[in-house]
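Colleague: Could you walk me through how to read a few local features of this model? I would like the general idea, then the case at hand.

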Amino acid sequence: MKLIYRLMLIFACFGVSCPVLANDQLRQSIENWSGGYPASLLNEPVMNKTPLSRFYIQNDFKPVWFSNARLTESGRVLISTIKQIDGDGLLPSDYHSEVLLPLLAAEVGAQDVAAFDLLLSDAFFSLAGHLQAGKIDPISLSDEWEANRRHGNVETVLQRVIKQGDVATALDSMRPKQIRYYRLKIALAKMKLLPNTSWQKPLAETPAIKTDNTDTRLPMISARLRVWGDLPSSGAEATEADTKLVYDAALQQGVKHFQTRHGLDPDGVIGRETIKALNISPKERAKQIIVNMERWRWLAEDLGDKHLLVNIAAFELKIIDHNETVFVKPVVVGRNYRKTPVFSNKIRYLVLNPTWTVPFKLAVEDKLAEIQKDPGYLNRLGIRVFRGDSTVPIDPFSIHWNEITKRNFPFRLVQGPGPQNALGQVKFMFPNPHDVYLHDTPSRELFKKAERAFSSGCIRVSDPLELAEFLLRDQGWDHDKIAAVIAKGNTETVSLKTPLPIHIEYWTAWVDREGGINFRNDIYERDQPLWQALNKPLIHVEH
């Protein structure tokens, strides 16, 4: 059979060398596309017609992945990478896997070399682009997501592959450089190996289980905690847990560990929220990891050696200095209907004893109704009323508030510094079109809650003066100096000599330095739409 097949190849190339035949077919395909014919090869749609045409014209229509009608080692590595690309949470089928994978075990007729070569290059362009900047454009899912995606020249990368032949290194160079992406990649591989048999039936969410309670759900809870590694997975202790119906101290330690990994109050009580988290299987958690890997691909290559990171879904602020977390504080973020946007910027200055100009949207949608009920509301909170840009305040009792609507609201509301000021004693500014910033708050009790989505979009920081001291310590500011300025009650602006990059992100899954997999509730309901978009065939994805 092999002899017959080789004779067929010879006849296919009869009268013209195989490379010349391939070159001519490559040229003809590209000319056909230029003439308006559909970009389709072997019943596969071509996704990168323009860069492919430009690339092959620049390379004199030479095959990239074949030599004398034989698949090169680079071609084999590319196909093998496509076969395993689900390890990055991407779909092999987006990269012509159905027609390309058989090439690893079969030879190609000379007449098909051009078509397969183009499909391999098309797959390389798509795959490199997705590893570099993500498959999905985040703005197609939410206008509250301002990504700073990496966009390099994939054609240059492919030229490097031709010269150096190292496809694996070239593609790996397109992945995010951050170690946190690779931790998720490892976690995804482990997650796919975990059994899902203990999740065939959901656990009832009530009643809550407390220490020494007897409950028939405990054996299944123990089994799930062992799968996750929150309890020992082998030995006499694990075997005994299979039938244990009493909630003892050993099981409680496993529950607390599980609660901590899921951002729940680690009180050891197996309540509704803990049961909800326990009801989510490894298969579902794998999806959560995949969507968060895509979010990493939306980030800039360089976050800054030193940067401030806010994870909205974790209600947490961190300062990271050369991959070391040096500062951590809880935060309050926007409610679901006033979401904190995702974007990057730089903190440029702080304002001590800030005033607060009530955002127009907040003024007409929230404050106006309060004022109409009781104009004295403004004086009690120290809010002055100005008309437009005027600097002369208006007596709020002189205004016929019941005649004011959202459409004819001409005022500007400004709250002076003081204990009732909504921004507290300090705000951290990184001017942006969203009018979002970090600030203090008089509502300190909210930081005691596990989930803290209570603001109108801005980010409230626990212990903001400690953050201010941390940011200004290299500029001669210490706790006493900051406290002295605040005690005077005057507004003072302090610029940072070196603006600090800030990244406001939304991660519902990550792996910590100790290797623990952490999950958080999808408070803005963003995971499922992204999962659905990632699983649409590439031909249906809008770019």
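Modeller: Gladly. Contact means heavy atoms within 4.5 Å. Helices (H or I, at least four residues) and strands (E, at least two) are DSSP runs, numbered from the N terminus. This is a predicted model, where local features need pLDDT of at least 70, side-chain atom pairs count only at pLDDT 80 or more, and totals for chains, interfaces and linings use all residues. Residues are numbered from 1 along each chain as its sequence is written, and side-chain values use heavy atoms, with hydrogens and water left out.

Colleague: Which elements cover the buried residues of α4?

Modeller: The cover includes β4 (70-71), α5 (97-100), α6 (113-133) and α8 (167-172).

Colleague: Which residues of α4 are buried, and where do they fall around its axis?

Modeller: An α-helix has 3.6 residues a turn, so residues three or four places apart point the same way. In α4 (residues 73-83), S74, G75, L78, I79, T81 and I82 are buried; that means under 20% relative accessible area, with exposed over 50% and partly exposed in between (1.4 Å probe, protein chains only). Viewed along the axis of α4, the buried residues fall within an arc of 160°, so they line one face of the helix. The arc is that of the directions from the helix axis to the C-beta atoms. E73 and K83 are exposed, on the face of α4 turned away from its buried side.

Colleague: How do I read a pair of packed helices?

Modeller: Two packed helices are described by the angle between their axes and the distance between the axes. For α3 (residues 49-58) and α7 (residues 154-164), the axes come within 11 Å and cross at roughly 40°. The axes are lines fitted to C-alpha atoms, for helices over the stretch in contact, and angles run from 0 to 180 degrees between N-to-C directions. That makes α3 oblique to α7; angles under 35 degrees count as roughly parallel, over 145 as roughly antiparallel, 65 to 115 as roughly perpendicular and the rest as oblique.

Colleague: Which residues meet there, between α3 and α7?

Modeller: From α3, P51, R54, F55 and Q58 meet E155, L158, Q159 and I162 of α7.
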